[in-house]
Amino acid sequence: TQANMLNAAQGEGDVTGSTDGGCPPFDVVTGERTISMRSPKASGDDMMAISHRGEITKTARECRPMTNGVAIKLGFAGRVLLGPEGKPGNMMLPVKITVVDASKKTVKTEALKIAVSVPPGETAGYFSMVREIVVVPPGGASIGGYKVFIAFDRSVPGAS
C-alpha cells in the first residue's frame, strides 16, 4: 500500500526489487535515483542554487495475470531534502515509468508528478506512490523478458 511504501521510505535501506513469481523486474534506472531541482533564477550548475533534491529509496511490485497481459502494481518511495535555496512547503518531483521488452524496446511510458511536502521547521519530507499499469504484449506474446524501470525526469526546467 502507499502507507507501507511511505513507512519504508522513512526507514534506512537501499532500493529493492525482486523477480519472483513471473512478475517483470522493477528497478530504478542506474544513475537516475536522484534529482536536484534548482531555483528558477539559477544559472548553470550552481550548487548553491539547489532548492531541493529528491531520492528514490524503495521500490516494490506485484502482478495480477490477465487474459491478454498482466496488471503490475508498482510502489516507490523516497525523500526530498532541502538545498541552500530551499524552503519548507509543497513541491513536485517529476518521474517516468518505462516498460521495455526483451529486445529493450520501450513498450510503455508514463510521466508522473509526485507531490512532496516538507513541514515547517524541517529540512526533509517523504513521498510514496502506488500505481497500477497494464502491459499487453503484442499478439499474445509472453511477458517474459519485460522489465519495468522508474527514473526521475531530468528534462524538466531546473532539473539535473
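How many helices and strands does the chain have? The chain has one helix and eight strands, where helices (H or I, at least four residues) and strands (E, at least two) are DSSP runs numbered from the N terminus. Read from the N terminus on, the order of these elements is α-β-β-β-β-β-β-β-β. The model is a predicted one, in which local features need pLDDT of at least 70 and side-chain atom pairs count only at pLDDT 80 or more, while totals for chains, interfaces and linings use all residues. Residues are numbered from 1 along each chain as its sequence is written, and side-chain values use heavy atoms, with hydrogens and water left out.

Ile-35 has Gly-54 in S3 as its bridge partner.

Another open sheet of four strands has the order S1-S8-S5-S6, and its pairing is mixed. Its edge strands, each of which pairs on one side only, are S1 (26-28) and S6 (106-118). The twist from one strand to the next averages 25° here. Both senses of pairing can be followed at strand S8. Strand S5 (residues 89-100) pairs with strand S8 (residues 147-152) in the antiparallel sense, over six bridges, whereas S1 and S8 run parallel and are joined by three bridges. Which residue of S8 is the bridge partner of Ile-97? That partner is Ile-150, and Ile-150 is also the bridge partner of Val-28 in S8. Val-100, for its part, stands opposite Lys-147 in S8.

Attention now turns to the interior. In soluble globular proteins, nonpolar side chains tend to be buried together. In this chain of 160 residues, 42% count as buried, a term that means under 20% relative accessible area, with exposed meaning over 50% and partly exposed in between (1.4 Å probe, protein chains only). The largest nonpolar core has 31 residues, and Phe-76 and Ile-114 are those with the most contacts inside it. Such a core is a set of buried Ala, Val, Leu, Ile, Met, Phe, Trp, Tyr and Cys residues joined through side-chain atoms within 4.5 Å. Two or more residues of this core come from each of S1, S2 (34-38), S4 (69-82), S5, S6, S7 (124-135) and S8. S4 gives the largest share, six residues.

Charged side chains provide further links. A salt bridge is a side-chain nitrogen of Lys or Arg within 4 Å of a carboxyl oxygen of Asp or Glu, and by this rule the count comes to five. One of them joins the side chains of Glu-32 and Arg-154, at 3.1 Å from N to O. Glu-32 lies in the loop between S1 and S2 and Arg-154 in the segment after S8, so that this pair links distant parts of the chain, 122 residues apart. Arg-154 is partly exposed, with a relative accessible area of 30%.

Another salt bridge joins Glu-55 and Arg-79, whose closest N and O atoms are 2.8 Å apart. Since Glu-55 lies in strand S3 and Arg-79 in strand S4, the pair ties together parts that are 24 residues apart in sequence. Is Glu-55 buried or exposed? At 16% relative accessibility, Glu-55 counts as buried. Glu-132 and Arg-64 form a further salt bridge, with 3.0 Å between the closest N and O atoms. This pair links strand S7, which holds Glu-132, to strand S3, which holds Arg-64, over a separation of 68 residues. Glu-132 is partly exposed at a relative accessible area of 42%, and Arg-64 is partly exposed at 44%. Salt bridges that share partners join Arg-33, Glu-55 and Arg-79 into one network.

A contact means heavy atoms within 4.5 Å; among contacts between residues at least 6 apart in sequence, 66% join residues at least 24 apart.

Definitions and conventions
Two strands pair if DSSP finds at least two bridges between them. Axes are lines fitted to C-alpha atoms, for helices over the stretch in contact, and angles run from 0 to 180 degrees between N-to-C directions.
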